[in-house]
Amino acid sequence: MTIVGSIVEGNSKYLIMRERKGADLELGELVVIDDEKRKYICMVYNIEYGVLLEQGRLYTSAGTIIEKTNPKLEFPNDDLRIFRKIYLKPLIEIHNGKYRSPISIPKLFSNVRRVEKEDLSFIKEPDTKVFLGKIRSGGRILDFDYYMNGEEMISHHTIIAAQTGRGKSNLVKVMLWEIMNHGKFGILLLDIHNEYFGIGNNKGLKDHPNADRYLLYYSKTPPPGHKKLKVSLTTIDPEDLFGIIELTEAQREAISVYRRQYKEEWIKELMCKDLSNIAQSTLRSLRRKIGNLFRIRISDSGEPYCEDEIFNFEKIGEKTIFDIANALENGKIVIIDGSSIPDETGLVIMSAIMREVFRRYENYKDQGILKDKLQIGVVLEEAPRILGELYDKNIFGRIAREGRKFKIGLIAVTQMASVIPDEILANIGTKIIMGNEMKKERLKLIENSPQDLSDYDYIIAGLEKGESIVSSIFTKFPVPIYTPLFDDIAKSEKEKSEIVVF
Ligand SMILES: Nc1ncnc2c1ncn2[C@@H]1O[C@H](COP(=O)(O)OP(=O)(O)OP(=O)(O)O)[C@@H](O)[C@H]1O
Ligand SMILES: [Mg+2]
């Protein structure tokens, strides 16, 4: 066990160690201090020079070297007066086999060593686990799989935040892959880039050994054996529009009037029939918005029809919303290919599904049978506006605020956590923070995290692809992890299943 330093200063918030020459610790690394009775796990969050010499001598010496006047280093390499000071943040204290946030500090001159996977044995594998990645010490990946309890993680909501290309979608794929091992959660996902299912030779959730049992894929152009996305507009409720597209008060009222009068035919009638109590100007702009949303055209004979084969006014696809709600209740992952429809249209479909799921789960709660039902989650990708300015009008904001009581949770994936109101962020129990160079984004996440992440700003800025910090109300400390590449996980699963036993 190599000692990398010795504690010389500090308090309960931070410790400073003198680094042993050549130990070469890096930011974000985890180190361990074994005190007599207690063990501490700390993270490196700052590195400084330590010099016990007069500053003038240092500058003069550097000058002789760079100006080549009389180049000689005045101090030998092993001069004890020159060293590196490493700032450590105590994360965890382990005492009598129990771990907790530190309530003590180690003795002065305690030895410090690098973390080993055995040091993490206090982290137990939860039930209905969700694999997030391997624990990381700075850039070093430990052979220690990190799981969260999926029930806790989904019911109390999760946000995955990073700037583009840092591996958010990869992480969601890895999580869903694990969920498909047990089929204990129903997950709805609108796939705006069509990257989760795995089209053609691309690896995706379709390659999971349980895909037949636990995966449903709806698309405008599905591969053989998968569902064609068809939704009857009779199953869309005004509520599904209210929090997704911008509507004026007058437009909302007009929608309600049509709904009352024409029940489930409200969209059709709104598109072609004028009502005397609704202003023409309101109707015109409303028809334009709804027409764009569902690609509705008016035939020469004045009949509305949908140009896009996904929607129709007839009964085709009138059970789609219902069927998807059933699938979610049965622990399936439902992917809706949103790549060939506008984002808002996909969100309206998601909203209709989640409204149905919410209605059912509310009923189950009233009947006292909710505890027997599976946890449901909805993945909301790149929809900061939906959780931002419109959150109090849509089902997703409602899920964020009260879904926990009904076993319905959010997994929000975003580059723009800064536009999500604090009220929503505060309700999100788990924050998975990936690399982000935007200070504003980092600060918003740091300020709204369950743990004190004030020393992590610089570290978050430098996280590489797949690296993240998991800050959760269910973990005692912010856990640094690396999520492997999904393709490697899918490949190794395939290789496992191909091993022939003689
Ligand atoms: N853990 C990882 N290790 C190595 N490479 C990775 C990892 N995760 C993702 N990548 C690579 O980075 C690229 C971007 O990843 P991904 O699509 O998951 O990012 P993203 O954060 O979802 O981006 P966007 O904001 O554009 O949706 C991918 O092509 C993938 O190959
Ligand atoms: Mg992505």
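Predicted model: local features only at pLDDT ≥ 70, side-chain atom pairs only at ≥ 80, totals over all residues.
Modeller: In it, a backbone N or O atom of Asn170 lies 2.9 Å from an oxygen atom of ligand 1. The protein covers 70% of the 630 Å² of accessible area that ligand 1 has on its own.

Biologist: Which polar side-chain atom lies 2.7 Å from an oxygen atom of ligand 1?

Modeller: Start with the backbone. Gly167 places a backbone N or O atom 3.1 Å from a ligand 1 oxygen. The side-chain atom at 2.7 Å from an oxygen of ligand 1 belongs to Lys168.

Biologist: Which helix gives the largest share of the shell around ligand 1?

Modeller: The shell holds 14 residues, and Thr164, Lys168, Ser169, Tyr482 and Thr483 are the closest. By class, it has three nonpolar, eight polar and three charged residues. Three residues make up the largest share, and they come from helix 3.

Biologist: Now Asn448. Is Asn448 buried or exposed?

Modeller: Asn448 sits in the loop between helix 14 (439-447) and helix 15 (457-461). Its relative accessible area is 15%. Buried means under 20%. Because 15% falls under that cut-off, Asn448 counts as buried.

Biologist: Which backbone oxygen does the Asn448 side chain reach at 2.8 Å?

Modeller: Set aside neighbours within four places in sequence, and Asn448 contacts Asp422, Leu425 and Lys431. The backbone oxygen that the Asn448 side chain reaches at 2.8 Å is that of Lys444.

Key. Residues numbered from 1 in each chain as written. Chains lettered and ligands numbered in written order. Heavy atoms only, no water. Helix = DSSP H or I, 4+ residues; strand = E, 2+ residues; numbered from the N terminus. Buried < 20%, exposed > 50% of the residue type's maximum accessible area, 1.4 Å probe, protein only. Polar contact = N/O pair within 3.5 Å; in protein donor to acceptor, adjacent residues only side chain to side chain. Contact = heavy atoms within 4.5 Å. Near = heavy atom within 4 Å. Areas by Shrake-Rupley, 256 points an atom, 1.4 Å probe, with all protein chains shown as cover. Nonpolar A, V, L, I, M, F, W, Y, C, P; charged D, E, K, R; others polar.
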